Amino acid sequence: MSTAATPDAEAAPEAAPEADAGVPGAGVPAVDLADPAFWRLPAAVRAAAFAELRRLPAPARFGGPGSGHPGHGFHALVRHADVVEAGRTPAVFLSGPGVTTPEPARWVRLLFGDSMVNLDDPRHAQLRRIVSRAFTPRLISKVEDDIRRVAADLVDRVERERPEDFVTAVAAELPFQVICNMMGIPEEPRRVILDQVNHASEHTGVARPLRARLRMPGRGLLALARMQGMVADLGRERRRRPADDLVTALVTADVDGRRLTGRELGAFFSLLLVAGVETTRNALAHGLHLLTAHPEQRALLVGDLDRHLGGAVDEIVRHATPIIQFRRTLAVDHRLGGPDGPLLRAGDKAVLYFGSANRDETVFADPDAFDITRSPNPHLGFGGGGPHYCLGAHLARQEMKVLYRELFTRLPGIRSVGEPELVPSSFDHRVRSLRFTF
Ligand code: HEM
């Protein structure tokens, strides 16, 4: 996922691991998570590096001072327990300074800073209460019917037009149409918005020359800014003339005497698009590929969809981990894991590697195996728990279940062809395209 606040925030040419004896970071292996080149290495090489990092007695530190690169570096939290602790201790592990590393430019924060992902309490709790109120059971049950309708239409179109790329034809369309329907976005600007989201996301988590990043905001960001303006207008319109949709619920929900401002609404819509569309699209595409690559798992699933769909969806999210990492900043000095744990200092940054936590061999037996019957499956694909836990986890699971049911029922021969084309990124596990047939 790329969050509304992330686009410019990625892949600065950060540094070699800091040799910082006596504090977390000592004895780091010969990899550099801060170097964009690391994220272009083959997946197996990266996985082996993370396995090595998980075996260290303390989190390694990367990109620190003295490295000749901007920023003060970060501790890499790679174990399941450490990621959970950071997620569930929000008074110590702050989101307010930004959840991407390095920090986004100041103007990005000005434009997108109202996004809840970048807030701490009390503002985060206040905003999340408003937004959660709008996700009422009535609205969500309406959405479930809608997901079925959108999925059925997409499969009709696939049968008719026989497209080659699963991502553009199906995986990106479903979550996008569902969120637009939820928000009551009219048909006409949807194509433009989807292009803009795709453009913004293509440039997230991909190394760009530092000069280009400093000189001008990415075109994708400008596109997002335009889109936010469009949604803020829609919010004003709904306040004047309420309709039966999420935008109306958001701009009229009154929690503690407060409701969303136009700017907050714009930021929230951007967040929903990038958080809800990109992540689900990547999960759906990885899922089709995983089920193709593991025919025995697919046979098990198709043999009893009612029984296995839930487990399959969670195992896809664990195995693929669409969001690789999020950052926190230490509010105070903190010992990780208890009084004898490694000391992280106030002001330090800590990056929560969800993908690594999801392969933690102390939690998951045979973690590289794709096993739709894995139980329990305490994966951190939707976050480590705590107040920022994915707002859309239920929606995402629903979308995945409905779409796979539709696909495997109506197109039983569906499978991916060849390897997915991935976009190298330290932030999200993005699939640019995936050829398929049925
Ligand atoms: C498979 C699909 C998805 C994955 C893997 C995913 C993953 C995540 C992760 C890892 C976080 C950060 C959690 C943390 O910091 O502890 C998050 C937050 C969030 N997600 Fe999702 N997500 C998915 C789908 C969705 C959908 C469909 C929506 C839209 C409704 C959504 C909306 C959000 C929002 C608004 C946040 C920020 C919550 C906050 O800061 O309070 N996500 N998601």
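Helices here are DSSP runs of H or I of at least four residues, numbered from the N terminus. The model is predicted.

**View 1. The shell around the ligand.** α12 gives the most to this shell, with seven residues. Helix α12 spans 262–293, and α16 spans 393–410; each supplies at least two residues of the shell. In total, 30 residues surround the ligand. The closest are Gly276, Thr279, Gly383, Cys390 and Gly392. By class, the shell holds 19 nonpolar and 10 polar residues, with one charged residue.

**View 2. The crossing of α14 and α16.** Helix α14 covers residues 305–320. Its axis and that of α16 come within 10 Å and cross at roughly 130°. The crossing is right-handed. On the α14 side, the contact is made by Leu305, Leu309, Gly310 and Val313. On the α16 side, Arg397, Met400, Lys401, Tyr404, Arg405 and Phe408 take part. The residues of this contact divide into six nonpolar, one polar and three charged.

**View 3. The cis peptide bond at Pro122.** Most peptide bonds are trans. The bond that joins Asp121 and Pro122 is cis, with omega about 5°. Pro122 is found in the loop between α3 (106–112) and α4 (123–134).

**View 4. The cis peptide bond at Pro376.** Ser375 and Pro376 are also joined by a cis peptide bond. Here omega is about 0°. Pro376 lies in the loop between α15 (354–357) and α16. Helix α16 also supplies at least two residues of the shell in View 1.

**View 5. Positive phi at Arg162.** Most residues other than glycine have a negative phi. Arg162 is not a glycine, yet its phi is positive, about 45°. Arg162 sits in the loop between α5 (137–161) and α6 (166–171). There are 10 other C-beta atoms within 10 Å of Arg162. A residue with 12 or fewer counts as exposed, so Arg162 is exposed.

**View 6. Positive phi at Thr321.** Phi of Thr321 is near 40°, a positive value in a residue other than glycine. Thr321 is placed in the loop between α14 and β4 (325–330). Around Thr321, 24 other C-beta atoms lie within 10 Å. The cut-off for a buried residue is 20 or more, so Thr321 is buried.

Note on methods: Residues numbered from 1 in each chain as written. Predicted model: local features only at pLDDT ≥ 70, side-chain atom pairs only at ≥ 80, totals over all residues. Near = placed C-beta within 6 Å. Nonpolar A, V, L, I, M, F, W, Y, C, P; charged D, E, K, R; others polar. Axes fitted to C-alpha atoms, helices over the stretch in contact; angles between N-to-C directions. Left-handed = near helix turned anticlockwise from the far one by under 90°. Contact = placed C-beta atoms within 7 Å.
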